[in-house]
Amino acid sequence: MNVSVFPIVTGADNPILRQKTRTIPAVTKKTLKLIEDMKDSMAEAKGVGLAAPQIGSNLRVCLAYINEKIVPLINPVIVHKSKETVIDEEGCLSLPKIWIKVPRAVEITLRYTDEKGKPQERKLQNFDARVVQHEVDHLEGVLIVDYK
Ligand SMILES: [Zn+2]
């Protein structure tokens, strides 16, 4: 198997991590290759989520552990957040050795496109919701240090 592990882009002031990503007009072979590269890179880095900018891409794609499975999220948008939030410590592969208490909505409604190009909508709670909120932040150029 061909494994492509990319170095994780780091640094709170890194412009690659601070750009707002571009929505993908259609799922192509290139999109699927990006997702494979992200999966390999995330496995190597032992993360529970990864956003495309973290391996140097400016496309609106991320991976998140949902229900203990790695789910690729293409063009994810959080369409609803519960008013109830919970504060917990988060780390980030792009900010080694930094832990920050971040408030996150307990429940979210997420819309995204799957690898087959099909629109999906699902409700997520607790840890799953937290991971997705962290990754979607990355796609907007937001990092956990912004919650300090
Ligand atoms: Zn992160």
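The structure is a predicted model, in which local features need pLDDT of at least 70 and side-chain atom pairs count only at pLDDT 80 or more, whereas totals for chains, interfaces and linings use all residues. Residues are numbered from 1 along each chain as its sequence is written.

**Overall architecture**

- The chain holds three helices and seven strands, where helices (H or I, at least four residues) and strands (E, at least two) are DSSP runs numbered from the N terminus.
- Along the sequence these elements follow the pattern α-α-β-β-β-β-β-β-β-α.
- The radius of gyration, taken over C-alpha atoms, is 14 Å, close to the 15 Å that the globule rule (2.2 Å times the number of residues to the power 0.38) gives for 148 residues, so the chain is as compact as a globular protein of that length.
- The C-alpha trace spans about 40 × 35 × 25 Å along its principal axes.
- Of the 148 residues, 34% count as buried, meaning that 20 or more other C-beta atoms, placed from the backbone, lie within 10 Å of the residue's own.
- Among contacts (C-beta atoms, placed from the backbone, within 7 Å) between residues at least 6 apart in sequence, 65% join residues at least 24 apart.

**The sheet**

- Five strands form an open sheet in the order β1-β2-β3-β6-β7, with antiparallel pairing; two strands pair if DSSP finds at least two bridges between them.
- The edges are taken by β1 (49–51) and β7, each with a single partner strand, so one side of each is left without a neighbour in the sheet.
- Neighbouring strands of this sheet are turned by 45° against each other on average, direction ignored.

- Strand β6 (residues 107–113) and strand β7 (residues 119–125) pair in the antiparallel sense over seven bridges.
- Within this pairing, I108 stands opposite L124, and the bridge partner of L110 is R122.
- Five residues lie between the two strands of the hairpin, in which G117 takes a positive phi near 85°.

**Helix packing**

- Helix α2 (residues 29–45) lies across β1, β2 (61–66) and β3 (69–81), and runs at about 50° to β2; axes are lines fitted to C-alpha atoms, for helices over the stretch in contact, with angles from 0 to 180 degrees between N-to-C directions.
- Helix α3 (residues 126–139) also packs on the sheet, where it touches β1, β2, β3, β6 and β7, and its direction makes about 165° with that of β2.

Conventions: A residue is buried if 20 or more other C-beta atoms lie within 10 Å of its own, exposed if 12 or fewer, and partly exposed in between; C-beta atoms are placed from the backbone. Two residues are in contact if their C-beta atoms, placed from the backbone, lie within 7 Å.
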